[in-house]
Amino acid sequence: MSVPIRRRRFAAIALASVAVLATATACGDDSSDSGSSSDGPVNLVVDVFGDQGFGYDDLYKQYEAEHPNVKITERGKGLGLGDYNTRLTQQITAGSGAGDVVALEEGTIVQFYAQADKFVNLADHGANDLKGNFLPWKWEQGSTPDGKVLGLGTDVGSMAVCYRSDLFKAAGLPTDREQVGALWPTWDQFIAAGQKFAAADKKHKFVDSATNFYNVVLMQTAGQGTGYTYYDKSNKLVIGENPDVQASYNLTAKMIAAGLSNNLQSFSNEWNAGFKNGTFATIACPAWMTGVIKGQAGDAAAGKWDIAKAPGNGGNWGGSFLAVPKSSKHAKEAAELVKFLTSSKGQTEAFKKLGNLPSSPQALADPAVVDATNDYFSKAPIGKIFGTGASELKPVYLGPKNNAVRTAVENSLRAVEQGKSAEEQWQAALKNGEAAGK
């Protein structure tokens, strides 16, 4: 899952993360017997992140019923990805404190390639036999350059635009999802539609934030272009050399200049309040975002949201993996749980729970996914919207310090939102991104 850095932290969550860290360290084990197992009770800790978690609650119950000696505890739901990743990095480096199963987000898994020796090679637990259960590029992302299986894939992002049909109607724009998608074959036309909205509605903004817009455009542009963002595939930092990065930045600056952004920082308290108060009309919407919107906007907004095709072609933002640290006392059992949760059935169940789009071709072909609709989003056919073309998504390579560089660029865009020069902030993004990426 996620996001993208999505699921940002606030004061309350920061305090929670400190508490979780203390608990995690206390529960950790310095032993690294990755092959041993016990005939007695087995307590497995699963570390996840995000406002909604990964949607595994019912799967845990099923697994425990089928394995009476196993008890599963999940940690991290509600914890932002930034805090989660900082904690996990510390735990993996220390060799203790991490869960028996840990989630690795697509933007951070590459950084752990260099520490693959601190993770169980899931190939030693039969993972290679499951290769056909994952989209080829998803399998590749979960494997190190020397062929170790670091993690098995959970979801993929795919791409759409979620929009408030009631605000569109009031502004005189189409509300039917097919007609809405036809408004914006390109991102420039998306901006043009936003200008029409802004001319008719002075109270609401067209998009939630410049950074969400930027990240979606970048992942799509890079997927169709170079195939990477801030680092090339040899891990050389190329933030100032990759035309896809500057083109996405420039398009975002154009959107800001048109006055379309609500100037909110994603996953902040203000952003959450924006959903509840209905202050913006659209949001770049990978599949996992539907769960975020529902969780933040609440029941009062049910039926006001809908989903349309995103501008351009393809694109993926988000998605995660499950891995087993060598510090686990029950690596064999943990690896079996990973295989269960990432199975086509497990991915289908997580999709039904939260809308996280499977990375399993078998799950993507399951009628439960293909024919799925979402009542909250005006009965939108989410299986078809997000699932169409998912097997043809082009992956984007994300380097070892991708999130640090990305944060530097996002900070520059937020400064543009506050009235700073886009050209000056591009230079700041290059300078600060270079510093963060070294």
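A: Two strands are said to pair if DSSP finds at least two bridges between them, and the strands themselves (E, at least two residues), like the helices (H or I, at least four residues), are DSSP runs numbered from the N terminus. The model is predicted, so local features need pLDDT of at least 70 and side-chain atom pairs count only at pLDDT 80 or more, while totals for chains, interfaces and linings use all residues. Residues are numbered from 1 along each chain as its sequence is written, and side-chain values use heavy atoms, with hydrogens and water left out.

By that criterion, β7 and strand β8 (residues 280-284) pair in the parallel sense, joined by two bridges, and Lys205 stands opposite Phe280 in β8. The open sheet to which they belong has four strands in the order β7-β8-β6-β9, with mixed pairing. Its edges are β7 (205-207) and β9 (305-308), each of which pairs on one side only; from one strand to the next, the twist averages 20 degrees.

A further open sheet, again of mixed pairing, consists of five strands ordered β2-β1-β3-β10-β4. Here β2 (70-75) and β4 (152-153) stand at the edges with a single partner strand each, so one side of each is left without a neighbour in the sheet. The partner of β4 is strand β10 (residues 320-323), to which two bridges join it in an antiparallel arrangement, with Leu152 opposite Leu322 in β10. Helix α3 (residues 81-94) packs on this sheet, touching β1 (42-47) and β3 (101-105), where contact means heavy atoms within 4.5 Å. The direction of α3 makes about 125 degrees with that of β3, on a scale where angles run from 0 to 180 degrees between N-to-C directions and axes are lines fitted to C-alpha atoms, for helices over the stretch in contact.

At 4% relative accessibility Gln347 counts as buried, meaning under 20% relative accessible area, with exposed being over 50% and partly exposed in between (1.4 Å probe, protein chains only).
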